[in-house]
Amino acid sequence: MSPNTTHLDRNSAEPVFHAGEKGPLWRLQEGLVRLDRHHGGARQAVQLALPGDLIGVEALCGRSYQFSAVAFMPSRLERVALDGRSTAREPLLQQALLQHQTRCLDMASLRTGTVPQRIAHLLRLLGFDRQVAQHDCDDCARLIRQTLPTLREVAHMVDAKTETVCR
(Lines give C-alpha, C1' and ligand atoms only; values in the text may rest on other atoms or scores of the structure.)
Protein backbone atom coordinates (compact mmCIF):
# COMPACT_ATOMS: atom_id res chain seq x y z
CA MET A 1 0.00 0.00 0.00
CA SER A 2 1.45 3.36 -1.03
CA PRO A 3 1.48 6.34 1.36
CA ASN A 4 -1.20 8.04 -0.78
CA THR A 5 -3.57 5.07 -0.49
CA THR A 6 -6.38 5.06 2.03
CA HIS A 7 -8.49 1.97 2.63
CA LEU A 8 -11.99 2.33 3.96
CA ASP A 9 -13.85 -0.68 5.34
CA ARG A 10 -17.61 -0.42 5.69
CA ASN A 11 -20.15 -2.81 7.13
CA SER A 12 -23.52 -3.37 5.55
CA ALA A 13 -25.79 -0.28 5.70
CA GLU A 14 -22.87 1.92 6.79
CA PRO A 15 -22.50 5.26 4.96
CA VAL A 16 -19.47 5.86 2.76
CA PHE A 17 -20.33 9.50 2.07
CA HIS A 18 -23.38 11.79 1.94
CA ALA A 19 -24.82 13.88 -0.87
CA GLY A 20 -23.59 17.46 -0.74
CA GLU A 21 -20.22 16.57 0.80
CA LYS A 22 -16.96 17.05 -1.07
CA GLY A 23 -14.44 14.29 -0.90
CA PRO A 24 -12.14 11.94 -2.77
CA LEU A 25 -12.73 9.57 -5.63
CA TRP A 26 -13.06 5.97 -4.41
CA ARG A 27 -12.57 2.58 -6.07
CA LEU A 28 -14.61 -0.28 -4.65
CA GLN A 29 -12.27 -3.21 -3.93
CA GLU A 30 -14.74 -5.66 -2.36
CA GLY A 31 -18.45 -5.74 -1.64
CA LEU A 32 -21.27 -3.67 -3.05
CA VAL A 33 -22.15 0.00 -2.53
CA ARG A 34 -25.55 1.53 -3.24
CA LEU A 35 -25.84 5.14 -4.42
CA ASP A 36 -29.03 6.80 -3.14
CA ARG A 37 -30.90 9.99 -3.88
CA HIS A 38 -32.90 11.44 -1.01
CA HIS A 39 -36.16 12.99 -2.09
CA GLY A 40 -38.95 14.16 0.19
CA GLY A 41 -37.76 12.14 3.16
CA ALA A 42 -37.48 8.92 1.16
CA ARG A 43 -34.40 7.35 -0.35
CA GLN A 44 -34.31 6.11 -3.89
CA ALA A 45 -31.65 3.66 -5.04
CA VAL A 46 -30.03 5.16 -8.12
CA GLN A 47 -27.12 2.86 -8.83
CA LEU A 48 -25.04 -0.03 -7.51
CA ALA A 49 -21.26 -0.08 -7.53
CA LEU A 50 -19.46 -3.40 -7.92
CA PRO A 51 -15.82 -4.29 -7.24
CA GLY A 52 -13.54 -2.29 -9.54
CA ASP A 53 -16.08 0.53 -9.93
CA LEU A 54 -15.36 4.16 -9.19
CA ILE A 55 -17.69 6.04 -6.84
CA GLY A 56 -17.71 9.73 -6.02
CA VAL A 57 -16.81 10.53 -9.63
CA GLU A 58 -17.87 14.13 -9.01
CA ALA A 59 -14.45 14.51 -7.36
CA LEU A 60 -12.93 14.31 -10.85
CA CYS A 61 -14.62 17.64 -11.57
CA GLY A 62 -14.06 19.20 -8.14
CA ARG A 63 -17.76 18.98 -7.28
CA SER A 64 -19.76 17.81 -4.29
CA TYR A 65 -21.18 14.30 -4.28
CA GLN A 66 -24.58 14.18 -5.96
CA PHE A 67 -25.71 11.00 -4.21
CA SER A 68 -25.18 9.35 -0.84
CA ALA A 69 -23.21 6.10 -0.87
CA VAL A 70 -24.03 3.28 1.54
CA ALA A 71 -22.42 -0.14 1.80
CA PHE A 72 -25.04 -2.66 0.66
CA MET A 73 -22.93 -5.47 2.10
CA PRO A 74 -19.54 -5.46 3.84
CA SER A 75 -17.26 -3.49 1.52
CA ARG A 76 -13.70 -2.26 1.18
CA LEU A 77 -12.87 0.91 -0.75
CA GLU A 78 -9.60 2.50 -1.77
CA ARG A 79 -9.06 6.21 -2.23
CA VAL A 80 -7.91 7.08 -5.77
CA ALA A 81 -5.16 9.69 -5.72
CA LEU A 82 -5.81 12.56 -8.12
CA ASP A 83 -3.14 14.92 -9.26
CA GLY A 84 -3.71 18.23 -11.00
CA ARG A 85 -2.95 16.97 -14.52
CA SER A 86 -5.95 16.52 -16.78
CA THR A 87 -4.13 13.78 -18.72
CA ALA A 88 -4.03 11.65 -15.57
CA ARG A 89 -7.79 12.09 -15.07
CA GLU A 90 -8.78 11.19 -18.62
CA PRO A 91 -8.61 7.38 -18.16
CA LEU A 92 -10.62 7.70 -14.95
CA LEU A 93 -13.26 9.78 -16.73
CA GLN A 94 -13.44 7.19 -19.51
CA GLN A 95 -13.84 4.39 -16.99
CA ALA A 96 -16.55 6.33 -15.13
CA LEU A 97 -18.49 6.94 -18.36
CA LEU A 98 -18.40 3.31 -19.48
CA GLN A 99 -19.15 2.08 -15.97
CA HIS A 100 -22.17 4.39 -15.80
CA GLN A 101 -23.69 2.87 -18.94
CA THR A 102 -23.28 -0.67 -17.62
CA ARG A 103 -24.69 0.17 -14.19
CA CYS A 104 -27.72 1.91 -15.80
CA LEU A 105 -28.51 -1.37 -17.56
CA ASP A 106 -28.12 -3.19 -14.24
CA MET A 107 -30.58 -0.84 -12.55
CA ALA A 108 -33.08 -1.29 -15.39
CA SER A 109 -32.84 -5.07 -14.87
CA LEU A 110 -33.41 -4.62 -11.13
CA ARG A 111 -36.56 -2.56 -11.78
CA THR A 112 -38.24 -4.41 -14.67
CA GLY A 113 -39.48 -7.95 -15.22
CA THR A 114 -40.91 -10.29 -12.66
CA VAL A 115 -39.72 -10.11 -9.06
CA PRO A 116 -37.95 -13.51 -9.34
CA GLN A 117 -36.11 -12.21 -12.44
CA ARG A 118 -35.08 -9.04 -10.58
CA ILE A 119 -33.86 -11.02 -7.56
CA ALA A 120 -31.94 -13.41 -9.85
CA HIS A 121 -30.22 -10.41 -11.46
CA LEU A 122 -29.30 -9.01 -8.04
CA LEU A 123 -27.87 -12.40 -7.01
CA ARG A 124 -25.78 -12.46 -10.20
CA LEU A 125 -24.50 -8.94 -9.45
CA LEU A 126 -23.57 -10.09 -5.95
CA GLY A 127 -21.59 -12.95 -7.49
CA PHE A 128 -23.76 -15.76 -6.14
CA ASP A 129 -23.91 -17.46 -9.54
CA ARG A 130 -20.13 -18.05 -9.35
CA GLN A 131 -20.34 -19.18 -5.72
CA VAL A 132 -23.19 -21.63 -6.47
CA ALA A 133 -21.05 -23.28 -9.15
CA GLN A 134 -18.26 -23.86 -6.60
CA HIS A 135 -20.33 -25.30 -3.71
CA ASP A 136 -23.07 -27.84 -3.10
CA CYS A 137 -26.66 -26.65 -2.61
CA ASP A 138 -26.65 -26.76 1.20
CA ASP A 139 -23.45 -24.68 1.33
CA CYS A 140 -24.89 -22.22 -1.19
CA ALA A 141 -28.08 -21.63 0.75
CA ARG A 142 -26.11 -21.01 3.95
CA LEU A 143 -23.64 -18.75 2.14
CA ILE A 144 -26.41 -16.70 0.54
CA ARG A 145 -28.26 -16.27 3.86
CA GLN A 146 -25.06 -15.18 5.62
CA THR A 147 -23.98 -12.73 2.92
CA LEU A 148 -27.21 -11.22 1.64
CA PRO A 149 -28.36 -7.87 2.96
CA THR A 150 -31.65 -7.81 4.88
CA LEU A 151 -34.90 -8.74 3.12
CA ARG A 152 -35.97 -5.13 3.46
CA GLU A 153 -32.82 -3.92 1.65
CA VAL A 154 -33.21 -6.53 -1.09
CA ALA A 155 -36.87 -5.58 -1.54
CA HIS A 156 -35.95 -1.90 -1.77
CA MET A 157 -33.28 -2.66 -4.36
CA VAL A 158 -35.60 -4.68 -6.61
CA ASP A 159 -38.59 -2.36 -6.04
CA ALA A 160 -40.82 -4.98 -4.45
CA LYS A 161 -42.62 -5.59 -1.19
CA THR A 162 -40.65 -7.36 1.54
CA GLU A 163 -43.32 -10.10 1.69
CA THR A 164 -42.91 -10.78 -2.04
CA VAL A 165 -39.13 -11.08 -1.75
CA CYS A 166 -39.52 -13.40 1.26
CA ARG A 167 -41.49 -15.86 -0.84
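The model is a predicted one. Its chain has 167 residues, of which buried residues make up 37%, and its secondary structure comes to six helices and six strands. Read from the N terminus on, the elements run β-β-β-β-β-β-α-α-α-α-α-α.

**Overall arrangement**

- Among the contacts in the chain between residues at least 6 apart in sequence, 69% join residues that are at least 24 apart.

**The aromatic pair**

- The structure holds one aromatic pair, and it is formed by Phe 17 and Tyr 65, whose ring centres are 3.7 Å apart and whose planes stand at 20 degrees, so the pair is stacked.
- Phe 17 belongs to strand 2 (residues 15–17), whereas Tyr 65 lies in the loop between strand 5 (54–55) and strand 6 (68–80), so the pair ties together parts that are 48 residues apart in sequence.
- Both partners fall under the 20% cut-off for a buried residue, since Phe 17 has a relative accessibility of 5% and Tyr 65 a relative accessible area of 4%.

**The largest pocket**

- The largest pocket holds about 370 Å³ of space and is lined by 22 residues, of which Gln 47, Val 57, Glu 58, Phe 67 and His 100 lie nearest its centre.
- Strand 4 (42–49), strand 5 and helix 1 (86–111) are the elements that give two or more residues to the lining of this pocket, and the largest share, eight residues, comes from helix 1.
- Sorted by class, the lining of the largest pocket has 14 nonpolar, five polar and three charged residues.

- Arg 34 has its place in strand 3 (residues 25–39) and, at 4% relative accessibility, counts as buried.
- The side chain of Arg 34 makes a polar contact with the side chain of Glu 153, at 2.4 Å.
- Leaving aside neighbours within four places in sequence, Arg 34 is in contact with a list of residues that includes Arg 43, Ala 45, Gln 47 and Leu 48, as well as Ser 68, Ala 69, Val 70 and Phe 72, and also Glu 153 and Met 157.
- Between Arg 34 and Phe 67, which are 33 residues apart along the chain, the C-alpha atoms are separated by 9.5 Å; Phe 67 is also one of the residues that lie nearest the centre of the largest pocket.
- Leu 77 is found in strand 6 and counts as buried, its relative accessibility being 0%.
- Although Leu 77 and Trp 26 are 51 residues apart along the chain, their C-alpha atoms are separated by 6.2 Å.

**Gln 99 in helix 1**

- Gln 99 lies in helix 1 and is buried, with a relative accessible area of 11%.
- A polar atom of the side chain of Gln 99 lies 2.7 Å from the backbone oxygen of Leu 54.
- Not counting residues up to four places away in sequence, Gln 99 touches Asp 53 and Leu 54.

- His 121 lies in helix 2 (residues 115–125) and is buried, with a relative accessible area of 13%.
- The side chain of His 121 makes a polar contact with the side chain of Asp 106, at 3.3 Å, and, when residues up to four places away in sequence are not counted, His 121 touches Asp 106, Ser 109 and Leu 110.
- Ala 120 also lies in helix 2, but its relative accessibility of 29% makes it count as partly exposed.
- Ala 120 and Ser 109 are eleven residues apart in sequence, and their C-alpha atoms are 9.8 Å apart in space.

**Asp 159 in a loop**

- Asp 159 lies in the loop between helix 5 (151–157) and helix 6 (162–166), where it is partly exposed, with a relative accessible area of 49%.
- Although Asp 159 is not a glycine, it has a positive phi of about 55 degrees.

Methods: Residues are numbered from 1 along each chain as its sequence is written. This is a predicted model: local features need pLDDT of at least 70, side-chain atom pairs count only at pLDDT 80 or more; totals for chains, interfaces and linings use all residues. Side-chain values use heavy atoms; hydrogens and water are left out. Helices (H or I, at least four residues) and strands (E, at least two) are DSSP runs, numbered from the N terminus. Buried means under 20% relative accessible area, exposed over 50%, partly exposed in between (1.4 Å probe, protein chains only). A polar contact is a pair of N or O atoms within 3.5 Å; within protein, one must be able to donate a hydrogen and the other to accept it, and residues adjacent in sequence count only if both atoms are side-chain atoms. Contact means heavy atoms within 4.5 Å. Rings of Phe, Tyr and Trp (its six-membered ring) pair if their centres lie within 6.5 Å; planes under 30 degrees apart count as stacked, over 60 as edge-to-face and the rest as tilted. On a 1 Å grid over the protein atoms alone, a cavity is a set of points where a 1.4 Å probe fits but cannot get out, and a pocket is an open set with protein on both sides within 12 Å along at least five of seven lines; lining residues have an atom within 4 Å of a point. Grid points are joined across faces, edges and corners, and a volume is the space filled by probe spheres set on the points. Ala, Val, Leu, Ile, Met, Phe, Trp, Tyr, Cys and Pro count as nonpolar, Asp, Glu, Lys and Arg as charged, and the others, Gly among them, as polar.
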